[in-house]
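Please keep the sequence and the model in view while reading.

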Amino acid sequence: MQPHVELDSTRAPLLETGHLFWGWEIPVYLFLGGLVAGLMITVSAVILRYGKERVTSAMRLGLLAAPVLLSLGMGALFLDLTLKLHVFRFYLTFRPAAPMSLGSWVLILVYPVQALLVLALPWHAFASRLPAHALLDRVRSLAERLVRPLAWAGLLGGIALGVYTGVLLSTTVANPLWSSSSLGFLFLVSGSSTGVAALMMAERDHDTQAMLARADVALIVAELAVIAAWIIGLATQGPLYREAVSVVLSGSYAPMFLGIVVFGGLLVPMVLEAMALRGKAMHSRLVPALVLAGGLLLRFVIVYAGQEVRFFSV
Amino acid sequence: MRRVMVIDTSRCVGCEACVIACKNENRVPEGKYRDWVTQEARGEFPNLSLEIRSERCNHCSDAHCITNCPTGSSWYNDDGTVQIDRSKCTGCKACIASCPYGARYVHPDGFVDKCSLCVHRLDRGQPTACEEVCPTGAIVTGDADDPGSEVARLIRRGSLHVVHPEAATRPNVYYIR
C-alpha cells in the first residue's frame, strides 16, 4: 500500500494559483511550425513522387504562405520571451543537445529552402508581380533546374521542423505528460496532417483533392496510433505519469482532448474523408477545417495540461 | 572542488529564517522564492512521521536546465554549482520547464533566477546566507572533495537522501533523515 503523504510548503499558496510558465504563444507557435512543416513535406513529396507538373496553384499558394506563417509563429515565440532584447543570443551559439537551440537554427535554415522552392514553382499571381531583375532571373533559373534537390531539402527540412516541435516538449523531463519520445512523431504526423488539410482548403482540382484526402486519412490513422502509444506508454510508467495522463483522459482537459481533438478533429474528419473517397459523401471544406482546428487544440491541450502535473507539488 | 549542501532534517524546526535570509541577501522579489521550507507528513495516525526540509536548487551534476538552455545562459561553475549568466538569458523558460524541483522563476526584470548557493559569499570565505542564519545549525555547505570538510564527514556518516532521485539529475543538496 502507498503510504499516506501530506505536503505543505512556504510556496504552497503561490503554486496553488497555478505554475503556468508557457502560455498561448507556445501552442500557437507549435501549430504554425507544424503546419509549415506539413506544407513543405506535402509539396516536396508531390514533386518527388509525381514530378513538378502535379504541383497545383493551391500548392504554390501554400509554398508562398509557408514563410509568412512561419514568421507569424516565430513572432508568437518572440512574444513569449521575457527578455526580448536578448533574442539575438539564440544565434550567437549552437548547442546541439538543446532542442530549442537546434530548432532556432532549423527555423532559419528552412527559409532559404522555402524561398528557392517559391522561385522554382511560383504562384501565378505572385510570379507576374515579380520585378525583372538580372540576379533574380539567374537565381530563378538555377532554382528551376534544381527542383528535385530542393524538394529533398524541403522534405528533410519539413521533417526536422515537424519533429523538433515535439522534441522541444519531450526533453523537458520535469513534466510527466511530455516525457515521451512519441511526442516528436505525434507532432510530425499531426503537422503533416494539418499541412495537407490546409492545401485541401485551397485546392480546386478534384483529382488532387482526392489524392490529398487519401493522404490525410492515412495521416489521421497514424496520428491516432501515435496518440495511443503516447498515452499507453505514459500510463504504464508509474503513479506520477498516470496522474499526468488522467488530466487529459478524465480530468479538466478531458472534454477538450477526447471530445474536440480526438473525436471532432480526428475521428469525424477521418470517417467523412473515407466516405467522400468512396463517393458516399461530398468533399467539403468543413473536413479540413475540422482537422486544422483539432491540430491547434491538440497543441493547446498538450502544452496546458502538461503544466498541470509536475514532479514537485508544493 | 565540488560544492554541496547537507541539511540535517532532524535539526530543522521549519522556522523559515533561511527563506528570509536568502530574500534579504539576494534581493529576491516579492512572491518569488530561491529557497522554501517543505513539511512532509507520512503515515496514518498514530504512526506519523514528519520531515521538514529547507529546499532550493539542487545544483545537479546532470542538470536538465543546462542541457536544455538554448543560449548557454545556464552553466556549470568550476565548483560544480549551476549558475545563470543574466546577459545571455532570453527568458525562453526552457530551464523552468526542465527543472523537476521548480527551483527557477522569472524575475520581474525578465531573466530567470534561482539559488546560486551564494557563491559570491562562499568565494569570500563566508557561509551561505541561509547557513549563517539557521538557528539550529541544520544547513552545512562545503567542498565534498575535501575529505576534511564538514560536509564530507556528514556524507560519510550516511543516512542521506536527495529529493526526487527518480528525476536522475544527480542532485548536490543532501538531506539527513
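In this predicted model, a network of salt bridges links Glu40(B), Arg42(B), Glu51(B), Arg53(B), Glu55(B) and Arg177(B). A salt bridge here is a side-chain nitrogen of Lys or Arg within 4 Å of a carboxyl oxygen of Asp or Glu. Residues are numbered from 1 along each chain as its sequence is written, and chains are lettered from A and ligands numbered from 1 in the order in which they are written. Local features need pLDDT of at least 70, side-chain atom pairs count only at pLDDT 80 or more, totals for chains, interfaces and linings use all residues, and side-chain values use heavy atoms, with hydrogens and water left out.

Arg177(B) lies in the segment after strand S10 (173–176) of chain B and Glu51(B) in strand S3 of chain B, so the pair ties together parts that are 126 residues apart in sequence. Helices (H or I, at least four residues) and strands (E, at least two) are DSSP runs, numbered from the N terminus. Arg177(B) is exposed, with a relative accessible area of 60%, whereas Glu51(B) counts as buried at 13%. Buried means under 20% relative accessible area, exposed over 50%, and partly exposed in between (1.4 Å probe, protein chains only).

Over all chains, the structure holds 16 salt bridges. One of them joins the side chains of Glu132(B) and Arg121(B), at 2.7 Å from N to O. Glu132(B) belongs to helix H5 (residues 129–133) of chain B and Arg121(B) to helix H4 (residues 119–122) of chain B, so this pair ties together parts that are eleven residues apart in sequence. Glu132(B) is exposed at 52%, while Arg121(B) is buried at 6%. In another, Arg11(B) and Asp8(B) meet at 3.5 Å, N to O; Arg11(B) is partly exposed at 45% relative accessibility, and Asp8(B) is buried at 11%.

Which strands make up the open sheet, and in what order? The order is S1(A)-S2(B)-S3(B), three strands with antiparallel pairing; two strands pair if DSSP finds at least two bridges between them. Strand S1 (5–9) of chain A and strand S3 (47–56) of chain B stand at the edges, each with a single partner strand, so one side of each is left without a neighbour in the sheet. Neighbouring strands of this sheet are turned by 20° against each other on average, direction ignored.

Five bridges join S1(A) to strand S2 (residues 35–44) of chain B, and Val5(A) has Arg42(B) as its bridge partner in S2(B). Arg42(B) is also a member of the salt-bridge network. Ten bridges join S2(B) to S3(B), among them the one between Asp35(B) and Arg56(B). A hairpin connects S2(B) to S3(B) through two residues. Helix H1 (residues 17–26) of chain B lies across S2 and S3 of chain B, at about 160° to S2(B). Contact means heavy atoms within 4.5 Å; axes are lines fitted to C-alpha atoms, for helices over the stretch in contact, and angles run from 0 to 180 degrees between N-to-C directions.

On chain A, Trp24(A), Phe78(A), Leu79(A), Val87(A), Phe88(A) and Leu92(A) form a nonpolar surface patch, with about 570 Å² of accessible area together. Patches are made of residues with over 30% relative accessible area and no salt bridge, like charges being joined within 9 Å and nonpolar side chains (Val, Leu, Ile, Met, Phe, Trp, Tyr) within 5 Å. Accessible areas come from the Shrake-Rupley method with a 1.4 Å probe; for residues, only the protein chains shown count as cover. Val87(A) lies in the loop between helix H3 (57–80) and helix H4 (99–120) of chain A, and is partly exposed at 31% relative accessibility.
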